[in-house]
Amino acid sequence: MTRSLSKKARDILLLNDHGGYTVPAAELYPYQWNWDSAFVALGFAVFNHDRAWQELETLFSGQWDDGFLPHIIFHVDDSGYFPGAAVWGTNKTPQTSGITQPPVAASVTRWLLNTNEKIGKARAAALYPKLLAWHRWFHTYRDPLKNGLVLCVHPWESGRDNSPEWDAPAARVDTSSVEPYRRRDLALVDQGMRPSNQEYDQYIALLQHGRSQNWNHAAIADTGPFRVFDVGMSMILLRANRDLLALADRFGTSEECEELQARIKLSEDNIHYLWSDAIGAYGSRDAKTGNHFEMVTSASFLAFYAGVGGDRERAALMANFERIDGMVRYMMPSFDPAHPKFDPIRYWCGPIWAVVNKMIALGLIEMGHTKAGQRIVRDTCSIIEQSGFRESYSPVTGEGTGGSDFSWTAAIWLHLSENRSATSPGVAVPHKLEPE
Ligand code: DGY
């Protein structure tokens, strides 16, 4: 079973390879997406290291002069996706969107280098300054409190598009000037598994706002209608800064190392801003009102991946882990199953995402919660065995949701099955992102 699934996983990556970059899913997402590509590189690394590096290099061909790395690179026009390059109107070559996505590329770069030093050394050295520029961009434009925690200005930036965390801030977005448009996603995926039309109107209104500001990132972060401190983005950036520091140690200057050390310390010192005693977990906050949304999501458990929290916070998070485990068949739902807004099949309101599971499992195992981490890995493999390489999965039944033949799910399967532990037969252990 493992061998035939691994063959299928490779076939999906090759099928979705558009020559140097991989589309997340053939029709649903026909361009290069930022964090998708970083995870896809982990899959290619299992059978073609050169191609894995190429995925990251092609992604950075879309980097702007100020270091910003867009969430979509529109290498070739495709009328099957909305909103396409012309709607974004960023006027870049190659054409890109105007918002970013969770910065996992530095962590993947470090991992690729550690697994194959010979192929990776020159490639990592060339990528390092680009990664540094992107991370600096976050700290320049997205850290308004100068506390190391970062803003998202569009739900799509968080990667967790329709997480109920975003309902209250998105409700303030004025959608009255959105012209009629046709959603292409609904021709491909059941509406019950996708964001609502109202949420789509908000996405498009926010896009229009960015465009009206000529994609001036300072103006959008200062006055944009949607501004949230995203727990996922902050945890992922903190982890990525640690991985970038390891790269800086080899390829950067001592000033750059000090700069990154200071950033890491700042984020560690202030991560408590995202903590809520009411839920016993880290979560996101509204930058406009300061309100904590007080919702437990899969991103709350990225605290382990980011290596933050003291004994008290970790114990409370593990209590949430046990509670959620008692409510679903497969871990980790993207949203709290005890919350009235939980929906096991609707995108980020409940379904499991293999890439988030990979990060949670890695963090749990690194922090000594081996059983819980292995549970996540086992469940990720089980739902793929049961339902194939889908976009996401119901935590209640394991049924596949969203798109099919999905690149990052195939990549995570290859990555996990390649790193099976000899001491725990049948249980895949994610590779540690530690220096060799
Ligand atoms: C979409 O189109 O659904 C994407 O998530 C945007 O990045």
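Guide: Helices here are DSSP runs of H or I with at least four residues, strands are E runs of at least two, and both are numbered from the N terminus. This is a predicted model, where local features need pLDDT of at least 70 and side-chain atom pairs count only at pLDDT 80 or more, while totals for chains, interfaces and linings use all residues. Residues are numbered from 1 along each chain as its sequence is written, and side-chain values use heavy atoms, with hydrogens and water left out.

Visitor: How do you know that the length of helix H15 agrees with its residue count?
Guide: The expected span is 1.5 Å times one less than the number of residues. For the 13 residues of H15 (354-366) that should come to 18 Å, and the end C-alpha atoms are 18 Å apart, so the two agree. After H15 comes Gly-368, with a positive phi near 90 degrees.

Visitor: What makes H15 count as mostly covered?
Guide: Buried means under 20% relative accessible area, exposed means over 50%, and partly exposed is in between (1.4 Å probe, protein chains only). In H15, 13 of 13 residues are buried.

Visitor: And why is H17 called largely enclosed?
Guide: Because eleven of its twelve residues are buried. Among them are Trp-408, Trp-413 and His-415. Their cover includes helix H1 (2-15), helix H2 (34-44), H15 and strand E9 (392-393).

Visitor: Why is Leu-56 called buried?
Guide: Its relative accessibility is 0%, so Leu-56 falls in the buried class. Leu-56 sits in helix H3 (residues 49-60). With contact meaning heavy atoms within 4.5 Å, and neighbours within four places in sequence left aside, its partners include Ala-38, Val-108, Leu-112 and Leu-127.

Visitor: What makes a set of residues a nonpolar core?
Guide: Its members are buried Ala, Val, Leu, Ile, Met, Phe, Trp, Tyr and Cys residues joined through side-chain atoms within 4.5 Å. The largest one here has 137 residues, and Leu-56, Leu-112 and Phe-301 are among those with the most contacts inside it. Helix H11 (residues 231-251) gives the largest share of this core, eleven residues.

Visitor: How do you know which residues surround the ligand?
Guide: The test is a heavy atom within 4 Å of the molecule. That gives Tyr-29, Trp-33, His-71, Tyr-81, Trp-156, Asp-161, Arg-194, Tyr-200 and Tyr-347.

Visitor: Why is Tyr-347 called buried, while Lys-146 is called exposed?
Guide: Tyr-347 has 6% relative accessibility, so it is buried, whereas Lys-146 has 52% and therefore counts as exposed.

Visitor: What makes the phi of Tyr-347 worth a remark?
Guide: Phi there is near 45 degrees, a positive value in a residue other than glycine. Lys-146 also has a positive phi, near 50 degrees. Most residues other than glycine have a negative phi.
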